[in-house]
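Have the viewer open as you read.

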Amino acid sequence: LSIDLPVNYQGLIDIPADTTMTLNYPTTGGTWTGAGTLIINTGASLVDPNGLALTTDLYGTFGASGVTSTIPAGATLFDEGTATTAGTVDNKGTMELANGWGFTLGGPLTNDGTIDGQGTINSTLSPLPTLTNDASGTIVPDTGPGGSGSGWGIYTNVPLVNNGTVNVPTSDVVQIDDTGSGTGPWTGAGTLIINTGASLVD
């Protein structure tokens, strides 16, 4: 099913298993559910949803300026190479970096769930928005091109406040290009890179 007009949903949208629904225009609200796949296409957006389908493939934008949009527990948001966020995003589920691609942030990102995969979390805004890994949050690079331990990792150019856990598996990498701070542990047998001009403080 493909939606080819802007929509403000007020009710329930159920996407059954083995089916897809594609948004091609800006979309607001809605209680999204189901074991299928929601596709937010390039040029489209989804703002302030009440729930998400089990899987959401993001080519466009999640969120909007001045609004907090939430990825709920149990849902996974996959970046598909052109994924952007806008406004404040609160991740309580999973944000999956795929194939070395990444999320371009248009506002603050709070992680209360999991950020994993292989790719980038960056922004072109000035000042840069902050990625905050809350106490229940985990950031961990995992299998990417070449498999686990391939030397791929998670790379950030935004301030990272880690009050949860950043875990770097053997042979994988987390790189920070701005300030790293917070009270949470940085663990694992992999490599943490603090790039030129960046810093890691308690």
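Start at Ile 115, which stands opposite Ile 139 in strand 17. Strands here are DSSP runs of E with at least two residues, and helices are runs of H or I with at least four residues, both numbered from the N terminus. Before going further, keep in mind that this is a predicted model: local features need pLDDT of at least 70, side-chain atom pairs count only at pLDDT 80 or more, and totals for chains, interfaces and linings use all residues. Residues are numbered from 1 along each chain as its sequence is written, and side-chain values use heavy atoms, with hydrogens and water left out.

Back to the strands. Strand 14 and strand 17 (residues 138-141) run parallel, joined by four bridges; two strands count as paired if DSSP finds at least two bridges between them. Strand 14 (residues 114-117) also pairs with strand 11 (residues 94-97), again in the parallel sense and over four bridges. There, Leu 97 has Gly 117 as its bridge partner.

Zoom out, and the protein has zero helices and 25 strands. Its radius of gyration (taken over C-alpha atoms) is 17 Å, close to the 17 Å that the globule rule (2.2 Å times the number of residues to the power 0.38) gives for 202 residues, so the protein is as compact as a globular protein of that length. Along the principal axes, the C-alpha atoms fill a box of roughly 45 × 35 × 25 Å.

Now try Gln 175, in strand 21 (residues 173-176). Gln 175 is buried, at 13% relative accessible area. Leaving out residues up to four places away in sequence, Gln 175 touches Ile 154, Tyr 155, Thr 156, Ile 193 and Asn 195, where contact means heavy atoms within 4.5 Å. The side chain of Gln 175 also makes a polar contact with the side chain of Asp 177 at 2.9 Å. For that, a pair of N or O atoms must lie within 3.5 Å; within protein, one must be able to donate a hydrogen and the other to accept it, and residues adjacent in sequence count only if both atoms are side-chain atoms.

Key. Buried means under 20% relative accessible area, exposed over 50%, partly exposed in between (1.4 Å probe, protein chains only).
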